[in-house]
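This report describes a protein model together with the molecules placed in it. Please look through the sequence and the structure before reading on.

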Amino acid sequence: MRTGEKLPSIAVIGAQWGDEGKGKITDFEAGRADMVVRYQGGSNAGHTIKVGEEVFALHILPSGIVRPGVINVIGNGVIVDLISLDKEIADVQDRGRSVDGLRISDRANIILNWHRLLDGAEERLRGKKGVGTTGKGIGPCYSDKIARNGIRMGDLLDAELLEERLDTVMPMKLKTMEMLEVRLAQTRDELLSELLAYGKKYGRYITDTSVLVNDALDHGKNVLFEGAQGTMLDIDHGTYPFVTSSNCVAGAICTGAGVGPKRVDEIMGILKAYTTRVGAGPFPTELNDATGELLMNVGGEFGTTTGRPRRCGWLDLLIVEHAARLNGLTQFAVTKLDVLNDMKKLKVATAYEIDGKHMEHFPGNFMMLERAVPVYEELDGWQGWKAGETMEIVRGGYDALPKEMRHYIGYIEKRSKVPVKIVSIGKGREETIRR
Ligand code: GDP
Ligand code: IMO
Ligand code: MG
């Protein structure tokens, strides 16, 4: 075991619309982990890690890949983009990291070219009502998985099985593509040999990862479950239909990693100190003004996967409460508090007024949400924190933080009834305070 000390198994879950800093906090926590497990989503995720001057942007590899000696698992609930996997493995190897500890579930579905083509075609047909997807084929791939038309990682290791699957699935997909006027630039035989080649290349990583993860837990290893996306992008509990196509809440760990509900001890919500969202959909506390622009520029709010600017707004306590309840959060890590430095006043939404009604729980109707007027409380900001002082503040610990910042954190705790255990005040691994 890396630390010699048995720690609770822990989940890292996005509390908002993604990009809360899950990569950074997973990497921070992975210093004590033996195993990091991704269990949902695909390469729509973009998790950034900064170690010294090195920056990693991971889409499909779990964030533990940056730490030597960690076993990194891509669970059955993830959908695997083989092109992205190929690129990312080459990139981390070029940068001196080993992928020997990588394991990929034999049950994980694969994103194929038709998923990418259909993602694009569906978005075009939605027109102005588009979801603003990442274009990675996520929706069509998860749809096929549920419709039992998927190809799985394990299929790549068995030519006979793979041929049978392709011959069952491909004619249906060709019909759908014809209807939606997109064309696959690949024959059945070309696709078959491409997939078999991937099987040869990655066969040694493909295994029954549920057995692996449960064994690790049984042997007292420290296991971390790394979520992708966030609670508000969850297919059931997010701002449907402006969501991703997987469950992103903590419950997805069971199905997506193949573990029972009692195997996760601590569930940490990652909460950005303000709110951002990429893509379309309702966003009640969005700021379409100079303050929103300031947050975007100071926070460097540009998508890790698509480079799109992220929409920015104030912290929303209805979302904080929603995330705490749906995930059964036992703690929060609050990130990017440094981005709010030097703002005189900070606003926090405590309720919505919708059609004359006062609401304290996040509603499911997206048209109602578009009419929501946030009720704000104004809190004092903090000033006078000079650039370059961050590590001095980190060394001083929680009590060295400005008192207004501690009050802001206390405000989150009061509403959610969830303690804030980690405070992140910079991109770097070290710019983090554990309380
Ligand atoms: P993820 O998808 O949740 O892993 O988040 P992303 O990596 O997509 O986006 C978070 C961005 O914020 C990345 O650029 C991180 O380097 C950065 N970041 C994370 N924590 C902090 C922090 O506390 N302060 C600042 N300034 N940046 C942070
Ligand atoms: P991480 O893990 C932020 C958004 C897309 C789009 C919607 C549906 O980095 O937090 P999809 O391609 O999944 O069908 O797109 O979901 N989205 C994300 N936004 N962070 C992410 O991941 C996201 N993954 C998907 O922008 O609005
Ligand atoms: Mg991201």
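## Ligand 2

The model is predicted. In it, ligand 2 is surrounded by 21 residues, and the closest are Asp-19, Lys-22, His-47, Thr-134 and Thr-244.

The side chain of Lys-22 has an N or O atom 2.6 Å from an oxygen atom of ligand 2. Arg-308 also uses its side chain, with an N or O atom 2.9 Å from an oxygen atom of ligand 2. Gly-46 takes part through its backbone, where an N or O atom lies 2.9 Å from an oxygen atom of ligand 2. Taken alone, ligand 2 exposes 550 Å², and the protein buries 97% of that.

## Ligand 1

Around ligand 1 there are 19 residues, the closest being Lys-22, Gly-46, Thr-48, Asp-338 and Ser-424.

Which part of Lys-22 lies 2.7 Å from an oxygen atom of ligand 1? The atom is a backbone N or O atom. For ligand 2, the atom of Lys-22 is in the side chain. Asp-19 places a polar side-chain atom 2.9 Å from an oxygen atom of ligand 1. In the side chain of Lys-427, an N or O atom is 3.3 Å from an oxygen atom of ligand 1. Ligand 1 exposes 580 Å² when taken alone, of which the protein buries 95%.

## The magnesium ion

Ligand 3 is a magnesium ion, coordinated by Asp-19 (OD) and Gly-46 (O) at 2.0 to 2.2 Å. Asp-19 lies in the loop between β1 (10-14) and α1 (22-30), while Gly-46 lies in the loop between β2 (35-38) and β3 (47-51), so the pair ties together parts that are 27 residues apart in sequence.

Is Gly-46 buried or exposed? Gly-46 counts as buried because its relative accessibility is 11%, and the cut-off for buried is under 20%.

## The sheet and strand β19

Ten strands form an open sheet with mixed pairing, in the order β9-β7-β5-β2-β10-β1-β11-β15-β19-β20. The edge strands are β9 (206-207) and β20, each of which pairs on one side only.

In the sheet order, β19 stands between β15 and β20. Strand β15 (residues 331-335) runs parallel to β19, and three bridges join them. Val-334 has Val-423 in β19 as its bridge partner. Three bridges also join β19 to β20, but these two strands run antiparallel. Ser-424 stands opposite Thr-432 in β20, and Ile-422 stands opposite Arg-434 in β20.

## Arg-429

Which loop holds Arg-429? Arg-429 is found in the loop between β19 (420-424) and β20 (432-434). Arg-429 counts as buried because its relative accessibility is 14%.

Leaving out residues up to four places away in sequence, Arg-429 touches Lys-24, Asp-27, Phe-28, Lys-50, Val-51, Val-66 and Arg-67. Helix α1 covers residues 22-30 and strand β3 covers 47-51; among the residues touched by Arg-429 are Lys-24 and Lys-50.

Terms used
Residues numbered from 1 in each chain as written. Chains lettered and ligands numbered in written order. Predicted model: local features only at pLDDT ≥ 70, side-chain atom pairs only at ≥ 80, totals over all residues. Heavy atoms only, no water. Donors = N, O, S within 2.8 Å, 3.2 Å for Na, K, Ca; no water. Helix = DSSP H or I, 4+ residues; strand = E, 2+ residues; numbered from the N terminus. Buried < 20%, exposed > 50% of the residue type's maximum accessible area, 1.4 Å probe, protein only. Contact = heavy atoms within 4.5 Å. Near = heavy atom within 4 Å. Polar contact = N/O pair within 3.5 Å; in protein donor to acceptor, adjacent residues only side chain to side chain. Areas by Shrake-Rupley, 256 points an atom, 1.4 Å probe, with all protein chains shown as cover. Pairing = 2+ DSSP bridges.
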